[in-house]
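Hello,

Here is the structure for you to look over. My notes follow below it.

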Amino acid sequence: MKKIEAIIRPAKLEDVKEALSRFGIHGMTVSQVFGCGLQGGWVGVYRGHEYSINLLPKVKLEIVTKDNWVDEIVRVISEAARTGDVGDGKVFIYPMDDAVRIRTGEKHEDAI
């Protein structure tokens, strides 16, 4: 099993969810996060004072899946989230040792 974490633009969340749903992925965790990277940030002015915003709002998707689905899920997320501009996001893939479904006690890949 693998855990896929994708950091994407908030505006692309619905596109990514729809693309994953068409692919057959319905279980995921979505969190609002802030981060910085190559996109940098911007300078704002509030009451005549400049301030720097370098932590920008993003959305983090977390999906646990079988090993053989990872490449396709990453492809689906990447295609749906891509705008071609700096700040489109990143995808991280981690090994997942185990999973347990709390309701039934199912373990391993049966729990995902």
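The structure holds eight salt bridges, a salt bridge being a side-chain nitrogen of Lys or Arg within 4 Å of a carboxyl oxygen of Asp or Glu. This is a predicted model, in which local features need pLDDT of at least 70 and side-chain atom pairs count only at pLDDT 80 or more, while totals for chains, interfaces and linings use all residues. Residues are numbered from 1 along each chain as its sequence is written, and side-chain values use heavy atoms, with hydrogens and water left out.

One of the salt bridges pairs K3 with E62, at 2.8 Å from N to O. K3 lies in strand 1 (residues 2-8) and E62 in strand 5 (residues 56-65), 59 residues apart in the chain; strands are DSSP runs of E of at least two residues, and helices runs of H or I of at least four, numbered from the N terminus. K3 and E62 are both buried, where buried means under 20% relative accessible area, exposed over 50% and partly exposed in between (1.4 Å probe, protein chains only). K3 also bridges to E5, with the closest N and O atoms 3.3 Å apart. E5 counts as buried because its relative accessibility is 11%.

Another salt bridge joins E106 and R101, at 2.8 Å from N to O. E106 is partly exposed, at 31% relative accessibility, and so is R101, at 27%. Shared partners join K3, E5 and E62 into one network of salt bridges.

Elsewhere, helix 1 (residues 13-23) passes helix 2 (residues 70-81) in a right-handed crossing, the near helix being turned clockwise from the far one by less than a right angle.

Regards

Definitions and conventions. Axes are lines fitted to C-alpha atoms, for helices over the stretch in contact, and angles run from 0 to 180 degrees between N-to-C directions.
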